[in-house]
Amino acid sequence: MPKKVPMRRCCGCMEMKPKNELVRVVKNKEGVISLDLTGKMPGRGAYLCRNPECLEKARKARRFEREFSCRIPDEIFDGMEAELKKR
């Protein structure tokens, strides 16, 4: 019997995709928000396509702010965008 592939929704394009195709964005206990490229960091997670356009869509719609229930400064989004473009 084949193993079931976990599916997650991208916060940018709102499409369901296999978990291993997405990047996890995590908010830890201290309130620090960052990209979790390993998918194993502790904290509240949300998922995003590896496409910088999806990050921009999620930023405009304030989906991460809703997901994490906090205000996210522009510097964090800029850092995440730079990290996504590197990959």
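This is a guided tour of a predicted model, one selection at a time.

**Stop 1: helix α3**

Select residues 74–86. This is helix α3, with 13 residues. From its first C-alpha to its last, α3 reaches 19 Å, close to the 18 Å expected at 1.5 Å a residue.

Now show the side chains of Phe77, Met80 and Leu84. These residues of α3 are buried. They lie on the same side of α3, because they cover an arc of only 65° around the axis.

Turn to the other side of α3. Glu75, Lys85 and Lys86 are exposed there.

What covers the buried residues of α3? Colour the elements around them. The cover includes three strands: β3 (22–27), β4 (33–36) and β5 (44–49). It also includes the helices α1 (52–60) and α2 (63–68).

**Stop 2: helix α1**

Move to α1, residues 52–60. Pick out Cys54, Leu55 and Ala58, the buried residues of this helix. Their arc around the axis is only 105°, so they sit on the same side of α1.

Those buried residues pack against β5, α2 and α3. On the face turned away from the buried side, α1 carries Glu53 and Lys60, which are exposed.

**Stop 3: where α1 meets α3**

Keep both helices on screen. Two packed helices are described by the angle between their axes and the distance between the axes. For α1 and α3, the angle is about 165° and the axes are 9 Å apart. An angle over 145 degrees counts as roughly antiparallel. The two helices, α1 and α3, are therefore roughly antiparallel to each other. The crossing of α1 past α3 is right-handed.

Which residues of α1 meet α3? Select Pro52, Leu55 and Arg59. Some names return here. Leu55 is among the buried residues of α1. Phe77, Met80 and Leu84 are buried in α3.

**Stop 4: Phe64 in α2**

Centre the view on Phe64, in helix α2. Is it buried or exposed? Phe64 has a relative accessible area of 1%, so it is buried.

Next, show its neighbours, leaving out residues up to four places away in sequence. Phe64 touches Cys11, Val25, Ala46, Leu48, Leu55, Ala58, Ser69, Ile72 and Phe77. Two of these contacts, Leu55 and Ala58, are buried residues of α1. Another, Phe77, is buried in α3.

Draw a distance from Phe64 to Leu84. They are 20 residues apart along the chain, and their C-alpha atoms are separated by 16 Å.

**Stop 5: Glu67, also in α2**

Stay in α2 and select Glu67. Its relative accessible area is 32%, so Glu67 is partly exposed. Not counting residues up to four places away in sequence, Glu67 touches Arg44, Gly45 and Ala46. Ala46 is also among the contacts of Phe64.

Glu67 and Lys86 are 25 Å apart, C-alpha to C-alpha, and 19 residues apart in sequence.

**Stop 6**

Jump to Lys86, in helix α3. With 66% relative accessibility, Lys86 counts as exposed. The C-alpha atoms of Lys86 and Lys17 are separated by 22 Å, and the residues are 69 apart along the chain.

Then go to Arg62, in the loop between α1 and α2. At 46% relative accessibility, Arg62 counts as partly exposed.

**Stop 7**

Most residues other than glycine have a negative phi.

Met14 sits in the loop between β1 (7–9) and β2 (16–18). Its relative accessibility is 36%, so Met14 counts as partly exposed.

Where is Ser69? Select the loop between α2 and α3. Ser69 is not a glycine, yet its phi is positive, at about 55°. At 65% relative accessibility, Ser69 counts as exposed. Ser69 is also one of the residues that Phe64 touches.

Note on methods:
Residues numbered from 1 in each chain as written. Predicted model: local features only at pLDDT ≥ 70, side-chain atom pairs only at ≥ 80, totals over all residues. Heavy atoms only, no water. Helix = DSSP H or I, 4+ residues; strand = E, 2+ residues; numbered from the N terminus. Expected span 1.5 Å × (residues − 1). Buried < 20%, exposed > 50% of the residue type's maximum accessible area, 1.4 Å probe, protein only. Arc of directions from axis to C-beta. Contact = heavy atoms within 4.5 Å. Axes fitted to C-alpha atoms, helices over the stretch in contact; angles between N-to-C directions. Parallel < 35°, antiparallel > 145°, perpendicular 65-115°, else oblique. Left-handed = near helix turned anticlockwise from the far one by under 90°.
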